[in-house]
Every structure is written in structure tokens, then in C-alpha cells.
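Please look over the sequence and the model shown here before reading on.

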Amino acid sequence: MEIALKREALAEAFQMAHAIATTRTTRPVLQNALLSVADGGMTVSATDMEIGLRWNISAEDCRVVREGSVLLPAGRMAQISRSIEADEITLRVADKTCVVSGGRSVFEVLMENVEDFPQVPEMPDEAPLVLDGQKFAEMTRKTIFAVARESTRYALNGVHMEIVDGVMEMVATDGRRMALMKEKVDKQTSMPAAIVPQKALSQVEKLQSDKDETVNILTRERQVFFSTSRGTVVSRLVEGHFPPYREVVPKETDKKATISRTGLLSAMRQAAIMTSEDSRSVLLAFAGAQLTVTGRAPDEGRGEIGLDIEYEGEDLEIRFNPQFIIDALSASEAEKVTLDMKEGSSPAALKDGTGFLYVVMPINIV
Amino acid sequence: MPRIEILPSEVAEKIAAGEVIERPVSLVKEFVENSIDAGARSITIDVEKGGKGLVRVADDGAGMSREDIELAFSRHATSKIRVIDDLFNVRTMGFRGEALASIAAVARVTAGTRSAQDQSGWEVSIEPPAAAEIRPVGRAPGTTIEARDLFFNIPARKKFLKRDQTELGHITRYLQAAALGFPGMSLSLSSNGRKVFSAPAVESLRRRAATFYGEDIAEDLVEAQGGREGLKVHALIAPPFYSRVNRYSQYIYVNNRYVRDRLLQAAVSQAFRGLIEPNRFPIIFLYVNISPAEVDVNVHPTKMEIRFRNANSVRGTVISVLSEALLSADFKSRITFEEGSTPRAQNIRRSIEDFYERRVAGGVEIGTPATHAGRSGGSGSLTRDGTDTEAAAAHVQTGPLMQVRGTYIVKESDDGIEIIDQHALHERVIYAEVRRRLEEGSLQGQRLLVPEVIEVTPAERTALEKARDAFGRLGIEAEAFGQDAFAFHSFPAVLGDMDRRSLLQALISDLSAGGHGRSMEEALDSLAELLACHAAVRAGDILGTEELQSLMEKARSAQGRFACPHGRPTKLVLTFDELERRFRRK
């Protein structure tokens, strides 16, 4: 095998592969990336057995001399390809090593046995669901932060995706807040409910060479494929039942606040300064056209931030984990957000005028 | 024929003896207590066959006159109380006046004695049913008393005596306790002619503790002192990580009398709660001095049990004195390379090492050397050079902190190098904080979108219903959900995103396993423990300089910071002394 590539293309490929490959150490072979040179291009694959990557380097970024494949350590190759000071890097298999050279640098990297590496499946040749890349990125951004991190209810460790009646829904929850994003899609399209691991979804955006590129999605029984011209991410789906999230959306709210997104974000960040590790909560007091956000650290002091808002309903005090509000406000780009509430112990719904709905549970006022 | 008869005095004596004399150690105890009462400075004890063959106690005390010795072996003869009121003001060890008579009824007794004023001594031997025979004898002042062939005339009881080794064990334990009660007295024990231990007179309790527990423990003992009018508590407490699997190393004395009193044992356990591993017992020397009028030692002939007039007050005082000393202490577990903890074991090990000219690294391992400490992407956790401003700032306040293997924190202290278990320490910090918050009120509860529904057994259901208020104070709102499930609507906010379900399940089963006798306080305590354990940083969590800094800062004022809530130590110290020894610098 022999191939010459643009340094940046190779570095990017190994960086992607490294992100997938690093986590597992029980099977050392998975720390490698498989390079296959064929048909005038190169594919780099990596997997941790839950998520797989096939990354394409097209003919315009490389020059194939001799076809073949080679298994190389992803982490080390990412470092090498990042640090060689040359625009072009050559990979050449010689006896038991792969010679990586560029400029005046030459590395000989010992190869692993190609046969030991598991096959990363290709995207099946079926008609996929085609989504607007920008929209998909926004849906991902506005839900992925709410994924549970430590739950033994595995269903919560991913983002639930489904298309119902021409509306695509993505939703994530950790049991304390829920982020739901809806987007109209072509009436004809359909997609069965699937829970996609957070790690897989976070890789998908990197598959887009620019934000406008569409994303192809295909679900199989237990797998989901995301692909663009740059490559494919395949992931095992999370098994289990996602909680009945539509029932969680509060319906009988009688108080509504309309607030500047950046104003609220700043107020929450300020108030959060004055909270302590064991009581990370801030108090929101709605009264007339005034919102007062108070943070109090029992032994250290307090901070109080005032905000002009539009408000309908009786005065209300409600307590939140400030990070929950900050997460949602940071994911949004809207100028204003609304908060629908009922009382201090019932859920609040935050909306930003898009298909975004964020339900957040308060902290008990004691 | 009459069904009820008056027992012949011989039988009655044997029955009475049975209450006082259960086994050889009872003989030792009676004799040694008499010696102590006689003001002995030195007591020598010889036993044969675990005391079954012979118990001989020789002292240099006041001794007895001829009249005394004649009376000594008749029932209720005592020099120590005269009228019944005295019984409530007992300050001596023995007082009942039945022991010697009882012993004479079940063993072959010989006693020799001479009071300091007399020119010569007297010897008496008694072998039931024959009467005592007294003859003059030349000897040094003091008393020697021996009892041979215990229960020679009561085969039924003799059968119940255990193996020599077991009986010797009881005797050794009792004598250690006696020695620890009177450090100024020299006390030695031999068995079948071989020395078991010898405790020379020393100037302090701490020195005496060193005799039996080694220099390390003796040096680490923390002193507790306090009490009120009429009740003084004094204790030497070993750091909890020297704990034992039984209570044998708990030496409790009431008015200098060694006792095994449940109330005081429970008080010790209570004071150590959350500082010691479950089912482990601390090494403690506890001395309670109470006005004799407040205590009844006449509960049982062996006087091991006592009764306090105001039990709650005694319990409370003991707990508060011990807790105060414990919680403000900063015990350090020293790292040594020797396995044995007694000086003797250390000496032996050292000479073996010297002989082979090689190191034997037993004891605690020293973990990863500092050079391995750097990790990929470790964010300023090492003070690599002066340009690391974050690290430099850390240096100013607590000295440089280094994280090793994402698990231990290493720092310099006044007396050596401290190695801190980050999880254990953080656990303690959170636990102390949660306890403090709970004393003031409640924890904040984060409400849940969908209640966590957990199925419970009938026993768990009962326990849960009882503990509902305790749960509420922790920020956990629980509500019965049908017959065999509970719905949890909120969860302690401090725990963040941790696995609610498994924590709740753990709490519930822990709660019901605790039984119904558990108080609200105990329930809260174990809940707080579980919370702390789950909320603390884990081994393997990489901490930045600021995080390390803040953990050390918080730990500085946390109560009981030397141990995690399960009683495992939070830090080990490799002393400069030890380093210098190992590097052969001295």
C-alpha cells in the first residue's frame, strides 16, 4: 500500500478516528484505525464496538500509488499527522512497518494485523431519510445537553428520535428536565422510534463539510447510520423504553413570563456564583413586570439580580438549578424566551419561538 | 418426708462459690483485686494448666495479721465495709467478703502473709472439709495466695472448663486490663513457668498502652477529658484505623474497676459512629470516675456489671467528651515498612532485614512514584515549573498538591509526606456538610419530571413509612403508590445526575435491614453516609488544581476529617523519620 495525502485531510481523519477509538482498553486492537486504499481514495475506519466510523478521503485530497490496507494506532497517528511540517504526507507499507513521511520527517510505525480488526459496516444501499443539515444540527444542539449521564435506565442515555405525521421529534431527558425539539419534514418521510447514543450524535455534525450539506439517516433494527459525503457514523441503538415524554409537558399553566434570553442567561450566571456545592439553586421571584433572581450560599453570602420582563399572572416564587436554565438558554439563539408556570412545585415550560420546548422541574422550596 | 430441706452448709457454700468462681480467671481476679486493695506495688501471677492446676498471686502489699487471716476465709469476712451504708460508697475493689470463703470451698487454698509491722508471717492451708490450719512462717511482707485443683470436689463444674489455652487467654486479658488500670503497678504473668507478659511500673497510661499495643499506637493515642461535677471522664483513644474485630481492646474502667458495661460500650460505639468501619471496634482506654453514690457495683458477684443511677446522663457525658476529642482530632495513619506493630515484632523484622541486607517492603505500599504522576492532558495538577500560575497560587496556601493516578493527592506536611485518598476525604467533607445542614434543617430536593416508582416488600414499606420524615429532610419526597410500591417525587439536589434508582433502592434496603429499633437520627445518619459516598469524587476522577485546592480547603475544617464515614482512613503519612531511616541517613 502506498498513498500520498494532504496533511490536513489525514490529520482530520485520524482525529475523528481517535475520538471513536480511545475509550475502550479491554480490546487493545480497538485503539487502532483501519486504512483501506482502493478506487482512487482512502477510507479510515474506527470503532469501539458500539459506534463505528468510516471516514472518506476523496481523490482530490490524495494520490493512490498502490492499493491495500493497513491497521495503525489511531492516537499516535493523530499526533504524527498533526505535527509533521509538510503539506503532503506519504504512507507506504514496507515489510512490517508503515513508513509515514513528510518534509524531512520519517516515521516507521509498526502495524497491527488487519484481520484482527472488526468490520465497520457500510451504509446499506437503501433510500435514506434526507434531512436539512442546518436543521439537524440545531435539533441536536437543543436536545443533546439534556441526556442523562449516569442513568441505569439506559434509555435516558441517548436522544430519542421519531417522525410522527410529518413532524420529526428529538427529545432527551435526565429525569429532571426534558428538551424536546420538533421540526416539520416531508409528509412522505417516516422513521421508527429510535434512541441514539449521545456519543454517536455528537460525531454527526463533524461529518458535514459545511452546515448546508444534507445528512442521510437510515435506521435498521438495532442500528442507525448517519452519512454525508465525508463519511458514515454507524451506531448501536440504545435499547429500552423511553419515558412517555409527551405527558410531561405541563398543560394547566396560568402564569407566563416573556424574558430577554441573554438577559436571563446573564442573571442566572451571576446568581449561580452565589450558590454552594451542596445547594445549587437560585430563586426566581416573579412580581409584576419584575423578575428577581437570587443566589444564596449559606455561609458565604447572596446575590440578587433584577430584570425587566413581561409577566401575566399572580406573583410566583420558584427555585431552579441554575445550570438547567443556562443549558437551555445557551442552546437557543432566540432573542426572547417564554416561561409558562403554575406554582413553585410544578414543572415550568421554556420556549424560544422555534420547535423547542424545554420542561424543567423546580427544586422544592423549604 | 418433707419436700423442702435446708441445704447443708457445705452445699450452700458450693452454690455460692459457683456465682463468684466461674473459671480460673475468677480466682485471678479475686486475688489480684485483693492485692490492689492491699496497696501492692508489684504483683506476680503464676498459673499452671490455664489456672486449672494452679493460680498463685504474690504481692508486696500490706499483708495480714494473724487475726485477719483467721477471719479471711470465713464467709462475709471483709475489711472493706462495716455497715450496709458503706456498700453504696465502695471505693475498693473487693468488698463482698465472700470470695475467699467461696474459693476455699472449691479449691485447695494456701495463703502466706506478713504485715509490715509484724516480725514474721503466717501461713494457712485449707482443704475442705478439713478446717484451716495456721502456722507461723518466715517471709517478706506482703501476701501470697494460691489455689490448686479448681473444682476438684465438683466434677460437674470441672467438666465445663475449657482448654488450657482458652482459660489462659481469659486470664491474660483480665490481667492486661488490670495492668492498664494501674500503670504505676508492676504486674507479670507466667504460665507453666514461662513468662507470658511483664508490665513494669510506668509513669503514664500512654507508656502502659505501649507495653501491650506498641509504640506507634501509644504515640498516636488522643486524649479526651471532660465531664461534670461528680462525673469525670478521661480517655485515651487510638485512631479508628487501628480498629479491631471485637471489643477486647476496649478497656473501660469505672472508679478504677475494669468493667464490661453495655451502656458504656454503647456510648463508645455511638461516639465512633461514622468514624469507624462497620463491625469494627476502636482501641480505647476509658476511665469514668463517678461519685460512688451514683453507681451500684453490687449487681453481680463478679462485679463486671454495674448500674448507674442516672444512666442517660452518664451515657450523654461520655459520648460528648469522646465525640469532641474525636471530631477535632486529625489522626494520621503512619506508613511504616514493618509488618508488626509491636516494638518486638519490629526489632525481629529489622534484624532479619539486616541479616539478609535487603529490604522487605511489607505494610503499606507506597504507590506510584512521583515521576509517573503526569497524565495525558492533566490540567495543571502538577507544579511543573514556576510559570504555572494556577499551581503557584495553590502553593501559597497549602503547599503544592499533586494528584497521582487520579486517585491520591500527595502533599507535604510538617512531619512528612501526606498521601490522601481523594474519594475518602471528599466523602467525609460532604458527609460533614450534609450532617451540618441536617442539623440546621433540610436538604434541597430536586423535583422529578416523572416520579421514580420503586417496588417494595412489606418490611421495606413499613420501614419507609417510618422514615418518611427523615427522607423528607434529605429532599426525598416519598409517597405510597398502591400496595407494594412507592413513588419518589424529588431527589436530593446535591446529588445531581447520579443514578437515582439504585441509590433509592440502596437506601430502602439499608433502612429496612436496620430493623425497627432504628431511630430517626440513625436513619438520617446512614442516609447521609450513602449520599456522601455516591456524591463524592471517585478514584480515577482527574481533578484540576482548583478542585484539589478547594477539596483541601474544605477538608481543613471538616469534622472527623481523618476517616471517611465508613471509618477508612483518609490519609497516610510517610514521616521524614521513616524516610531517613529507609535511606539510611540515620
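Two strands are said to pair if DSSP finds at least two bridges between them, while helices (H or I, at least four residues) and strands (E, at least two) are DSSP runs numbered from the N terminus. This is a predicted model, in which local features need pLDDT of at least 70, side-chain atom pairs count only at pLDDT 80 or more, and totals for chains, interfaces and linings use all residues. Residues are numbered from 1 along each chain as its sequence is written, chains are lettered from A and ligands numbered from 1 in the order in which they are written, and side-chain values use heavy atoms, with hydrogens and water left out.

In chain A, strand β7 (residues 88–94) and strand β8 (residues 97–102) run antiparallel and are joined by 5 bridges, and A:Ala94 stands opposite A:Thr97 in β8(A). These strands belong to an open sheet of 5 strands in chain A, with the order β5-β1-β7-β8-β9 and antiparallel pairing. Its edge strands, each pairing on one side only, are β5 (62–66) and β9 (105–110) of chain A. Neighbouring strands of this sheet are turned by 15 degrees against each other on average, direction ignored.

Helix α1 (residues 7–21) of chain A lies across β1 (2–6) and β7 of chain A, and runs at about 100 degrees to β1(A). Helix α2 (residues 74–83) of chain A also packs on the sheet, where it touches β7, β8 and β9 of chain A, and its direction makes about 170 degrees with that of β9(A). Such angles run from 0 to 180 degrees between N-to-C directions, the axes being lines fitted to C-alpha atoms, for helices over the stretch in contact, and contact means heavy atoms within 4.5 Å.

In chain B, B:Ser313 lies in helix α9 (residues 311–328), and B:Val321 lies in helix α9 of chain B as well. Leaving aside neighbours within four places in sequence, B:Ser313 is in contact with B:Arg228 and B:Leu231, whereas the contacts of B:Val321 include B:Gly226 and B:Val233. The C-alpha atoms of B:Val321 and B:Val233 are separated by 7.2 Å, although the two are 88 residues apart along the chain.

Buried means under 20% relative accessible area, exposed over 50%, and partly exposed in between (1.4 Å probe, protein chains only).

| Residue | Relative accessibility | Class |
|---|---|---|
| B:Ser313 | 19% | buried |
| B:Val321 | 8% | buried |
| A:Cys98 | 0% | buried |
| B:Cys533 | 25% | partly exposed |

The structure holds 0 disulfides over all chains, a disulfide being a pair of cysteine sulfur atoms within 2.5 Å. The sulfur of B:Cys533 is too far for a bond, because the closest cysteine sulfur, in B:Cys564, is 7.8 Å away.
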